[in-house]
Amino acid sequence: MDSRISLILMLLLVSLQPSSTMRVEGVAVDQLGRPLNGVTLHIFQGGVEVSSPSLDENGFFAIELREAGTLYLYADDPSTPGVDYLPLRVEAPWEGVRTLIFRPAATLVVEGSAQFIDSKELPLSTTFTVVDLEGKPIEVDGLTLIYGDGENSLTPLLGLREDVLLVPADTPLGVSVNCTVLLGSALITRSFPLVREPLRLVRGEARSIDLLAASMPLNLELVEGLLGGVSERLKDMRIEGFYLEAEEAKLREASSLLEEARYLSTEGLYIESFDAARRCYLNLKALDLRLRHLRLDASTSIYLLLAFLSSTSTLTALLLVERWRSRLATALALYLLSLAALRWSYPGFQLLSPMILTSSSIAALSATLLALYLLSHITPKARGDGHIPVRNLIGPIISIGRRNLRRRRLRTMLTLTSLMILIASFVSLTSISTGYGLTTRRVGRSNWRGVLLRPGGVMIQGLEATVDWLLDQPGVEAVAPKAESMAIPNPHVYLKGRPIYGIVGVDPEAEIWASGLGDILIEGHLPSSDGLAISSRLAEELGLRIGDEVTLLGWTLRLEGVLSDEGLRRLREVDGSHYLPEKLVNISPEGEPPNFVPTPCEPGEVVILHISKALMVPLVSPSRISVKLSGEVDVEAFASRMALERGFKAYASTGGAVYLYQLSSYFEGRGLPLFIPWVILLLNIASITLSALRERRWEVSILSAIGLNPTQIAAVFLVEASILGFVGGGLGHLIGLSLYRLLSILGIPLSVYQKVSALWCLASLALSLSVALVGAAVALKASVILTPSLMRRWRLRGEEEAWVISIPVRLRPEEEREFIDYVASRLHALRGGVVKRTSLIRVHRLDGAYEIEFIYKSAGQALDSFYTRNKLRVENGSVTLTSIGAERWAYEVGSLMRMIAVEWASEKGSISPLSSQPDHPSARQPYRSP
């Protein structure tokens with residue numbers, strides 16, 4: 001019984017032991033049946049080379065396999081530069097000696113990477129399919145010859161590099177390249193031939209082919225297609241009436257770049273050719289986008305233009321005639337003339353149906369006439385105290401202003417003519433727009449020579465692929481990547497209980513030349529893959545020395561470097577940014593909603609790891625790549641190429657100055673020298689207005705004597721200037737639009753962008769009404785001479801760390817409590833502000849005085865954060881604000897309180913003067929409260 005049990009146990013143990021190796025034997029011959037002698041056989045199983053026997057003179061080989069499965073093998077003569085025989089796929093083991101027939105092969109080595117002008121990313125995957133002359137994939141004994149990093153590729157099965165292709169020898173063939181590339185947010189596949197003409201290589205030959213050169217014909221085709229599409233769009237929009245001289249100049253510039261790209265490609269300068277094609281593509285895309293927006297703006301802006309012209313026609317009729325029936329007839333006639341001029345000059349008129357245009361035109365004129373009628377017939381209504389607010393005097397003020405303009409017809413016509421010339425030249429002779437392309441600017445100084453690259457977005461290909469691509473670029477000697485942790489309010493990790501807010505990953509060998517990190521080492525060296533480096537103070541506080549082991553994120557790491565705290569604080573990158581990463585710090589006081597701002601970490605809050613370890617940590621990503629270039633490479637040219645091709649923010653440090661190259665929007669102005677005569681014209685109009693006001697001082701005195709306050713007097717002049725500005729702006733804008741059509745008919749090329757957007761008519765109106773602002777300011781000043789008001793200059797005066805501001809309002813004793821309650825209610829209303837808000841509002845009743853304490857600050861994560869603590873004190877009728885904060889922030893609070901004081905005085909029904917003139921009529925009016 002015991003012997004049986006022992007036998008069973010022995011059998012079980014034997015069955016659990018790994019199976020013994022199996023021997024397979026074979027003979028390798030060529031396609032003519034001749035044995036391959038002196039050739040090495042490379043045998044792979046599961047992507048791993050299991051054996052590489054040398055064949056004897058009979059081509060015999062024998063190998064030992066540990067398990068059955070599929071074998072991939074190829075034969076190679078070491079004396080030739082390339083692989084000599086195509087791969088085979090066989091199932092092992094087999095019985096006896098098996099004859100394997102190998103067909104002759106040659107090797108293609110693909111250099112570089114494919115790049116496409118419509119994407120800044122490298123291809124995510126690239127496959128190479130060997131095809132015959134008809135474009136069909138070539139199969140060898142059932143094995144399709146596909147290489148690269150895609151599916152069904154032989155590259156990983158044969159242990160080959162991704163740039164090595166084994167192709168049939170002595171056979172005409174081609175290679176089809178398939179690249180998967182990210183275009184916008186979609187993945188697309190681009191296909192193109194590796195060579196344009198059929199290849200025929202001899203056995204063992206190795207030939208190199210530049211992949212960028214192979215992709216250039218496709219890139220040129222893409223640019224040619226886009227150029228043709230933009231040309232057709234330009235031609236169609238010309239027929240529709242658009243003035244496109246500037247756009248056609250851009251098209252000619254793009255055509256020149258395309259010709260340059262073609263020439264450089266034929267000369268074998270593929271990098272330069274790609275850059276020219278990329279510039280051409282970016283220019284064409286920006287031009288195409290502009291044309292699309294131009295047409296859309298023309299079709300949608302017509303409605304605002306109709307309202308603009310109806311208002312201009314109605315106001316012009318208001319100036320010319322007195323009776324309402326005559327006004328209506330004149331306004332209608334002027335409007336019809338304006339519509340005829342607009343139809344002739346404005347391309348958007350042709351893009352809408354006649355029915356829509358007719359109904360929109362009638363609606364615009366009707367709405368304008370109705371609004372003017374209502375404004376002109378507002379009946380002044382006095383309040384219980386007899387005071388008439390400005391809003392109830394709109395009708396009479398408009399009537400007074402209009403009559404003043406009609407009485408001074410010559411001056412009115414001259415001013416209108418000047419305004420129309422100003423606006424017409426602004427519309428037709430200038431253009432202000434934004435473009436997109438490669439920009440450069442100087443950002444600082446540095447003694448280092450090289451290029452620092454900041455990712456323009458997420459590195460889709462990954463850091464390793466980007467570094468490999470950079471190392472393949474001509475003139476690149478070394479690359480130093482760096483990784484940083486994202487700025488967050490909480491620690492990323494803890495080191496022996498100490499919070500760590502920043503993690504830096506470096507390549508220790510490359511970082512020596514890329515930054516001054518190695519120069520601030522106190523002891524040890526920069527970390528290897530199993531080490532870390534920290535600041536001297538952190539090492540001292542944790543009691544760590546070089547060689548000590550610590551646990552971080554589950555890793556056991558050795559302290560290999562200790563760095564100077566002060567050196568880490570001072571260390572800067574080439575672009576001027578802090579070397580240490582940032583963290584988010586809450587600057588709000590306790591009890592307030594958090595307001596986080598990014599702040600550089602302290603040296604004691606940072607650990608430095610090897611970059612391979614750092615990138616395994618969550619929220620750590622590549623932050624920059626420093627590139628060391630050989631002496632003959634132009635640093636700025638290389639940086640501009642990196643920005644253009646890959647979308648990097650490229651900082652070129654020439655050993656003196658640092659320049660930033662990037663793809664970004666830029667300002668483009670044409671005809672801007674005309675601003676000089678415009679300024680002269682504006683000054684001329686302002687002088688006319690000032691002259692008129694001086695002549696009308698007696699009129700101001702009369703208006704003041706009959707009871708009009710300064711605001712009401714200034715409103716009269718404001719209305720006059722507004723009517724002039726509106727009429728001049730409208731007519732000038734229409735004349736400017738007509739000039740485009742006239743220039744097109746006369747064939748005069750003027751390189752400006754046509755202003756078809758409705759926003760430009762608002763800009764014309766704003767420019768024209770700027771005269772009204774000048775006139776209103778002067779009028780207000782002139783009226784204040786006779787009737788003092790609340791509008792006074794105010795200044796800050798510093799007392800210790802606070803700013804003291806006098807609020808220009810005078811209160812009676814019985815008004816102090818009412819004023820404090822009003823201010824408190826306005827401050828409470830601002831607690832939910834989107835940009836700026838108040839908080840912690842407290843009202844105090846003191847002996848003979850009132851005080852309000854409050855905080856005024858920016859809301860949320862504002863770009864320009866501010867924070868002030870304030871105290872408003874009311875005592876003996878005077879109001880004083882004390883603000884603790886920066887001077888410009890104190891001005892913010894002072895402006896707020898001054899505005900609240902003006903609002904309070906307005907709601908009281910009049911403005912309490914700080915001082916009065918006894919002989920002035922307004923000084924004899926009793927103060928009235930509601």
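Strand 35 (residues 836-846) and strand 36 pair in the antiparallel sense over nine bridges, where strands are DSSP runs of E with at least two residues, numbered from the N terminus, and two strands pair if DSSP finds at least two bridges between them. This is a predicted model, in which local features need pLDDT of at least 70, side-chain atom pairs count only at pLDDT 80 or more, and totals for chains, interfaces and linings use all residues. Residues are numbered from 1 along each chain as its sequence is written, and side-chain values use heavy atoms, with hydrogens and water left out.

Two residues separate strand 35 from strand 36 in a hairpin, and Gly848 in the turn has a positive phi of about 80°. Thr838 has Tyr856 of strand 36 as its bridge partner. On to the next pairing: strand 36 also pairs with strand 37 (residues 867-875) in the antiparallel sense, over nine bridges, and Lys857 stands opposite Tyr867 in strand 37. Nine of the ten residues of strand 36 (residues 849-858) are buried, buried meaning under 20% relative accessible area, exposed over 50%, and partly exposed in between (1.4 Å probe, protein chains only).

Asp170 is placed in the loop between strand 13 (164-168) and strand 14 (174-183), whereas Leu840 lies in strand 35. In another loop, between strand 6 (88-92) and strand 7 (97-102), lies Pro93, and the peptide bond from Ala92 to Pro93 is cis, with omega near 0°.

Technical notes: Helix = DSSP H or I, 4+ residues; strand = E, 2+ residues; numbered from the N terminus.
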